[in-house]
Amino acid sequence: LMTIVAEEGVGALFKGVFPRVIQLGLNHAIRFTGYQSSRNMLVEGMFAQDDMKPLDQTLMKMLSGTLLGALLNSVFPHLLQ
């Protein structure tokens with residue numbers, strides 16, 4: 001580390017941090033937005049029932065998260081690493 005700091009400066013220790021932070025921010029934004037949309041579509045849209053049990057709601061939320069994860073990993077594998 002001392003050699004890097006001596007030859008390239010302190011900024012060299014943080015090369016690549018900004019692009020990675022942007023990548024992770026996009027990852028979380030896409031996942032959050034996609035999960036909320038798919039959850040609302042499943043729980044409040046397609047399978048909306050007034051007497052839906054909490055377990056059924058939980059299963060729908062889990063299903064939406066699983067489907068979204070599979071979709072995003074196949075479409076944007078390089079973005080979500």
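**Entry 1**

I began with K15, which counts as exposed because its relative accessibility is 63%. I applied these classes: buried is under 20% relative accessible area, exposed is over 50%, and partly exposed is in between, with a 1.4 Å probe and protein chains only. I note that this is a predicted model, in which local features need pLDDT of at least 70 and side-chain atom pairs count only at pLDDT 80 or more, while totals for chains, interfaces and linings use all residues. Residues are numbered from 1 along each chain as its sequence is written, and side-chain values use heavy atoms, with hydrogens and water left out.

Which residue forms a salt bridge with K15? I found E8, with the closest N and O atoms 3.4 Å apart. The criterion was a side-chain nitrogen of Lys or Arg within 4 Å of a carboxyl oxygen of Asp or Glu. Side chains of opposite charge can pair when their charged atoms come close. I then searched the whole structure, and one salt bridge was found.

**Entry 1. Fold and confidence**

I listed three helices and zero strands, in the order α-α-α from the N terminus. Helices (H or I, at least four residues) and strands (E, at least two) are DSSP runs numbered from the N terminus.

I looked up pLDDT, the predictor's confidence in each residue from 0 to 100. The average for the protein is 81, and 89% of the residues score at least 70. Among the elements, α1 has the highest mean pLDDT (88), and helix α3, residues 54-75, has the lowest (82).

**Entry 2. Surface and burial**

I recorded an accessible surface of about 6,200 Å² for the protein, 67% of which belongs to carbon and sulfur atoms. Areas come from the Shrake-Rupley method with a 1.4 Å probe; for residues, only the protein chains shown count as cover. Of the 81 residues, 19% count as buried.

I also located a nonpolar surface patch of about 670 Å², made by L1, I4, V10, L13, F14, V17 and V21. Patch residues have over 30% relative accessible area and no salt bridge; like charges are joined within 9 Å, and nonpolar side chains (Val, Leu, Ile, Met, Phe, Trp, Tyr) within 5 Å.

**Entry 3. R39**

Is R39 buried or exposed? R39, in helix α2, counts as buried because its relative accessibility is 18%. Its side chain makes a polar contact of 2.8 Å with the side chain of Q36. A polar contact is a pair of N or O atoms within 3.5 Å; within protein, one must be able to donate a hydrogen and the other to accept it, and residues adjacent in sequence count only if both atoms are side-chain atoms. Leaving aside neighbours within four places in sequence, I found R39 in contact (heavy atoms within 4.5 Å) with E44, K61 and S64.

I turned to Q57 in helix α3, which is partly exposed because its relative accessible area is 31%. Q57 touches V43 and M52, not counting residues up to four places away in sequence. The C-alpha atoms of Q57 and V43 are separated by 6.3 Å, the two residues being 14 apart along the chain.

F76 lies in the segment after α3 and, at 32% relative accessibility, counts as partly exposed. I read 9.4 Å between the C-alpha atoms of F76 and N27, which are 49 residues apart along the chain. Among contacts between residues at least 6 apart in sequence, 57% join residues at least 24 apart.
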